[in-house]
Amino acid sequence: MKNINYVINGVLAVAVIILFVMHFSGKKESEVNKSSIDGEVLPKVLPIAYVNLDSLLANYNYAKDLNEIILRDQENARANIMQKVRAWDGERKEFQRKLQNNSFLTTEKAQQEEARIAKKGEELQEMDNRLSQELMAKQMKMNEQFRDTVVAQLQIFNADKKYQIILSNTAGDNILWAEKVYDITEELVVFLNKRYSSTGEK
């Protein structure tokens, strides 16, 4: 009977010691994980961050340069198509004028000219569609290139920051709300622009 009491007392003593250690180690941990700003106790900043993608696209010089390339290509393609459309429209109007004035020697000649102009209109439409698809494919390729560049640069940027997760945020799509302290967009833009200007890439 005495042996059982000794065992129970021993187990209770060990349990009290464990609780005592857990209590004070938990207190230390909570003190480590909390900081004070203006007397207000706040939890320690977690090793996560987010980047506002809209702001990054608007302020990162590489993104601006890529956007300028796309806009220039679109303008060139539009100007090229519009020039051809104006020429085609002139031919169509000339055909209508000749048709109204009975300037064609035969009905067959008029039909041939009408078919030629209609075919040219279809070719212009196909060219417009093809150019639009080419521009879309080029833009997708540039988007991938941009993303790969940002991801590669983030690895360098994060080498000393030690973030475990870096999220993207576009107009609040992925992150509904977060403390401003987790937003590293401005710091990242400065880092990216500095590295981009130093490479001399255009």
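Author: A nonpolar core is a set of buried Ala, Val, Leu, Ile, Met, Phe, Trp, Tyr and Cys residues joined through side-chain atoms within 4.5 Å. Buried here means under 20% relative accessible area. The model is predicted.

α5 has 15 residues and spans 21 Å between its first and last C-alpha, close to the 21 Å expected at 1.5 Å a residue. Its buried residues are Thr 185, Leu 188, Val 189, Leu 192, Asn 193 and Tyr 196. These lie on the same side of α5, because they cover an arc of only 130° around the axis. An α-helix has 3.6 residues a turn, so residues three or four places apart point the same way. On the face turned away from the buried side, α5 carries the exposed residues Val 190, Lys 194, Ser 197 and Ser 198.

What covers the buried residues of α5 includes β3, α2 (53-59), α3 and α4.

Now the core itself. It has 18 residues, and Leu 56, Tyr 60, Tyr 62, Phe 146, Val 150 and Leu 188 touch the most other members. α4 gives the most, with 5 residues. Leaving aside neighbours within four places in sequence, Tyr 62 is in contact with Gln 145, Phe 146, Thr 149 and Tyr 196. Of these, Tyr 196 is one of the buried residues of α5.

Technical notes:
Residues numbered from 1 in each chain as written. Predicted model: local features only at pLDDT ≥ 70, side-chain atom pairs only at ≥ 80, totals over all residues. Heavy atoms only, no water. Buried < 20%, exposed > 50% of the residue type's maximum accessible area, 1.4 Å probe, protein only. Helix = DSSP H or I, 4+ residues; strand = E, 2+ residues; numbered from the N terminus. Contact = heavy atoms within 4.5 Å. Expected span 1.5 Å × (residues − 1). Arc of directions from axis to C-beta.
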